[in-house]
Amino acid sequence: MNQQKKQLSEREMLTDGLSSQRHIASGYNTYAGECTNKQLRSAFINILAEEQDLGAQVYENMSARGWYQEKEADESNVAKVKQRFLSTTH
């Protein structure tokens, strides 16, 4: 059989990269939060910051190309979420 390999588009690669960065950052966040060794926790936090920076770079690249667009939140929804958050933290 002659199978053609489908090449991912740049958009698909960036989408996959952003998803991967979210997953990786989530893991390091968990490791940092549950680590009892202060030096190791500090290392995890440093790696987490680097991973978040990489994710932000991918997001900014996608956003600049119009491939990732956020909807503007209306003020009433922002107020509702803010109130819900404040009521759970006090």
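**Entry 1: a charged pair across the chain**
I started at arginine 65, which is partly exposed with a relative accessible area of 37%. I call a residue buried under 20% relative accessible area, exposed over 50% and partly exposed in between (1.4 Å probe, protein chains only). For my own records, this is a predicted model, where local features need pLDDT of at least 70, side-chain atom pairs count only at pLDDT 80 or more, and totals for chains, interfaces and linings use all residues. I number residues from 1 along each chain as its sequence is written, and my side-chain values use heavy atoms, with hydrogens and water left out.

Next I looked for salt bridges (a side-chain nitrogen of Lys or Arg within 4 Å of a carboxyl oxygen of Asp or Glu) and found 2 in the structure. In one of them, the side chain of arginine 65 meets that of glutamate 10 at 3.0 Å, N to O. Glutamate 10 is in helix α1 and arginine 65 in the loop between α2 and α3 (75-89), so this pair ties together parts 55 residues apart in sequence. I take helices (H or I, at least four residues) and strands (E, at least two) as DSSP runs, numbered from the N terminus. Glutamate 10 is partly exposed too, at 44%.

The salt bridge between lysine 6 and glutamate 12 has an N to O distance of 3.3 Å. Here I noted lysine 6 as exposed at 64% and glutamate 12 as partly exposed at 31%.

**Entry 2: the rings**
I paired rings of Phe, Tyr and Trp (its six-membered ring) with centres within 6.5 Å, calling planes under 30 degrees apart stacked, over 60 edge-to-face and the rest tilted. That rule gave me 4 aromatic pairs. Tyrosine 28 and tyrosine 31 have ring centres 5.9 Å apart and planes at 85 degrees, so I logged them as edge-to-face.

Tyrosine 31 is partly exposed at 46%, and tyrosine 28 is partly exposed at 22%. Tyrosine 28 also pairs with phenylalanine 44: the centres are 6.0 Å apart and the planes at 45 degrees, so this pair is tilted. Phenylalanine 44 belongs to helix α2 (residues 38-64) and tyrosine 28 to α1, so the pair ties together parts 16 residues apart in sequence. Phenylalanine 44 is buried at 17%. I wrote down Tyr28, Tyr31 and Phe44 as a cluster linked by ring pairs.

**Entry 3: helix α2 and its cover**
Which residues of α2 are buried? I listed Phe44, Leu48, Glu51, Gly55, Val58 and Met62. What covers them includes α1. From α1 I picked glutamine 21, buried at 13%. Setting aside residues up to four places away in sequence, glutamine 21 touches Glu51, Leu54 and Gly55 (contact means heavy atoms within 4.5 Å).

At the N-terminal end of α2, I found asparagine 37 as the cap, with a side-chain oxygen 3.0 Å from the backbone nitrogen of glutamine 39. Just after α2, glycine 66 has a positive phi of about 80 degrees.

**Entry 4: confidence**
The chain mean is 90, with 94% of residues at 70 or more. Confidence is highest in α2, at a mean of 96, and lowest in α3, at 84.

Terms used: pLDDT is the predictor's confidence in each residue, from 0 to 100. A polar contact is a pair of N or O atoms within 3.5 Å; within protein, one must be able to donate a hydrogen and the other to accept it, and residues adjacent in sequence count only if both atoms are side-chain atoms.
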